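Me: I have a model open and would like to go through the labels used for it, one at a time. Could you set each value against its cut-off for me?

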Amino acid sequence: MRPVWNLPLDPSGVLVELDNDTTVRIRPVRKSDRDALLSAFEHFSAESRYMRFFSPRPRLTEKMIETFTDVDDVSQLAWAVFDPNERSEVGDESGLAIASARLFVDEDPTSAEATLAVVDDYQRRGLGRFLIELLLNTASLFDIEVVRFEVLYANQSMRGLLTKVGASAHTIPEDRTVVEYRLPVPGPDDIDVPMGALYSLSL
């Protein structure tokens with residue numbers, strides 16, 4: 001999938017048209033996204049929360065909210081995704097918060113753990129595949145060479161998607177309920193979207 005970028009860039013984010021004609025707006029996560037994050041969390045089913053957090057999660061703790069919104073662009077790189085056609089009672093002009101994509105850089109800065117979260121009503125629309133590509137492009141700009149996804153074995157849809165995009169599966173001996181998928185990151189010369197400019201402008 002090759003996203004279509006509508007320039008010029010805008011502080012509210014960039015509109016992206018996915019292959020199925022779904023349009024979303026993306027931009028880096030901001031501290032001011034706290035209310036939008038909480039609103040999006042309320043739209044996740046109990047199953048989706050379990051698949052994302054590996055345990056029942058009726059609510060986000062204050063520590064989690066702080067971690068997810070106070071992004072330093074060094075140890076964590078994070079994108080927020082919005083539906084620009086649905087206005088939200090919280091947040092800013094970006095639209096309704098529907099997904100996020102994050103990289104948590106390991107102690108070895110050439111490796112990072114990746115996470116995705118897409119609210120239930122927007123799943124199976126091609127967002128997951130697009131967000132994986134977005135994370136790979138972002139990782140390349142920060143000299144990350146390998147992106148890791150830890151996925152519950154029971155999460156068949158995510159495991160299938162990662163297999164389709166070429167990730168290799170690795171068992172975790174100390175926890176057989178989780179599978180680690182690894183994706184090599186393309187070099188900066190292989191990126192065909194102005195991700196670095198977007199990241200700087202949108203902060």
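This is a predicted model: local features need pLDDT of at least 70, side-chain atom pairs count only at pLDDT 80 or more; totals for chains, interfaces and linings use all residues.

Me: Why is the pair of F53 and F68 called tilted?

Reply: Rings pair if their centres lie within 6.5 Å, and those of F53 and F68 are 6.4 Å apart. Stacked needs planes under 30 degrees apart and edge-to-face needs over 60. The planes of F53 and F68 are at 35°, so the pair is tilted. The pair links distant parts of the chain, with F53 in helix 2 and F68 in helix 3 (residues 62–69), 15 residues apart.

Me: How many aromatic pairs are there in the whole structure, and which residues do ring pairs link into a cluster?

Reply: The search finds 2 aromatic pairs. Ring pairs link F41, F53 and F68 into a cluster.

Me: Why does F68 count as buried?

Reply: The cut-off for buried is under 20%. F68 has 10% relative accessibility, so F68 counts as buried.

Me: What makes R52 a charge over the ring of F53?

Reply: For Arg, CZ has to be within 6 Å of the ring centre and within 35 degrees of the ring normal. R52 lies over the face of F53, at 4.8 Å from the ring centre. Another case is R159, whose charged end sits over the ring of Y153, 4.1 Å from the centre of that ring.

Me: Now the open space. What is the volume of the largest pocket, and which residues are closest to its centre?

Reply: The largest pocket holds about 840 Å³. Its lining has 32 residues, and L116, Q123, N155, S157 and M158 are the closest to the centre. Strand 6 (111–118) is one of the elements that supply at least two lining residues, and strand 6 gives the most, with 6 residues. By class, the lining has 15 nonpolar, 9 polar and 8 charged residues.

Me: What makes a space a cavity rather than a pocket, and how many cavities are found?

Reply: In a cavity a 1.4 Å probe fits but cannot get out, while a pocket is open. The search finds 1 cavity of 30 Å³ or more. The volume of the largest cavity is about 300 Å³. It is lined by 23 residues, with L37, A40, F44, S100 and R102 nearest the centre. Strand 5 (96–105) is one of the elements that give two or more residues to this lining, and strand 5 gives the most, with 5 residues. The lining of the largest cavity has 16 nonpolar, 3 polar and 4 charged residues.

Me: What is noted about the phi of R124, and how do you know that R124 is exposed?

Reply: R124 has a positive phi of about 65° although it is not a glycine. Its place is the loop between strand 6 and helix 4. Exposed means over 50%, and R124 has a relative accessible area of 77%, so R124 is exposed.

Me: Where is D143, and why is D143 called exposed?

Reply: D143 is in the loop between helix 4 and strand 7. With a relative accessible area of 56%, D143 is exposed, since the label needs over 50%. D143 too is not a glycine, and its phi is positive, about 60°.

Technical notes
Residues are numbered from 1 along each chain as its sequence is written. Side-chain values use heavy atoms; hydrogens and water are left out. On a 1 Å grid over the protein atoms alone, a cavity is a set of points where a 1.4 Å probe fits but cannot get out, and a pocket is an open set with protein on both sides within 12 Å along at least five of seven lines; lining residues have an atom within 4 Å of a point. Grid points are joined across faces, edges and corners, and a volume is the space filled by probe spheres set on the points. Helices (H or I, at least four residues) and strands (E, at least two) are DSSP runs, numbered from the N terminus. Ala, Val, Leu, Ile, Met, Phe, Trp, Tyr, Cys and Pro count as nonpolar, Asp, Glu, Lys and Arg as charged, and the others, Gly among them, as polar. Rings of Phe, Tyr and Trp (its six-membered ring) pair if their centres lie within 6.5 Å; planes under 30 degrees apart count as stacked, over 60 as edge-to-face and the rest as tilted. Buried means under 20% relative accessible area, exposed over 50%, partly exposed in between (1.4 Å probe, protein chains only).
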